[in-house]
Amino acid sequence: QTLALPESELITPEQLFFYDLDFTSMDLLDLLFRIEQHFEIQIPEGTIYHLARGDLAESEFAEDAVLTEAGRERLMNLLYDTPKEVFPPRIHATTLPRFCTVGAIVRLVDHKLAQQTCSS
């Protein structure tokens, strides 16, 4: 619905939103809004950053909003289905959604739904 694609066009888990589906930042916001409304969950800005960072200290994860080597490695592990060659050597924190596959967003939604179930 976000891209108004015909129902016959198959979207697969390994497709990258920004590279394969030509998403824009506005498309991603629209998609996240639709997901939040449909599943009644919240996906705050910075969710991917916080999931990738995990328990790593902020200074170990990023310096001046650019991921350190350890931060880059954590992001690549979180987004394991994104081809490694897509990740540039320097990754700015604001660009993390650009590396997400459809499958990664599905995993994020599953994670949020599981959190919701645990807190109920």
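**Pockets and core**

Modeller: The largest pocket has a volume of about 530 Å³. This is a predicted model: local features need pLDDT of at least 70 and side-chain atom pairs pLDDT 80 or more, while totals for chains, interfaces and linings use all residues. Residues are numbered from 1 along each chain as its sequence is written, and side-chain values use heavy atoms, without hydrogens and water.

Colleague: What shows where empty space is left?

Modeller: Rolling a probe the size of a water molecule over the atoms does. Here a pocket is an open set of points on a 1 Å grid over the protein atoms alone where a 1.4 Å probe fits, with protein on both sides within 12 Å along at least five of seven lines; lining residues have an atom within 4 Å of a point. The volume is the space filled by probe spheres set on the points, which are joined across faces, edges and corners.

Colleague: Which residues lie nearest the centre of the largest pocket?

Modeller: Leu28, Leu32, Glu45, Gly46 and Pro97, out of 22 lining residues. α1 gives the most to that lining, with 6 residues.

Colleague: And how large is the second largest pocket?

Modeller: About 390 Å³. Its lining has 15 residues, with Gln1, Thr2, Leu5, Ile11 and Leu31 nearest the centre.

Colleague: What is Phe17 in contact with?

Modeller: Contact means heavy atoms within 4.5 Å. Leaving aside neighbours within four places in sequence, Phe17 touches Asp22, Phe23, Leu31, Cys100, Thr101, Val102 and Ile105.

Key. Helix = DSSP H or I, 4+ residues; strand = E, 2+ residues; numbered from the N terminus.
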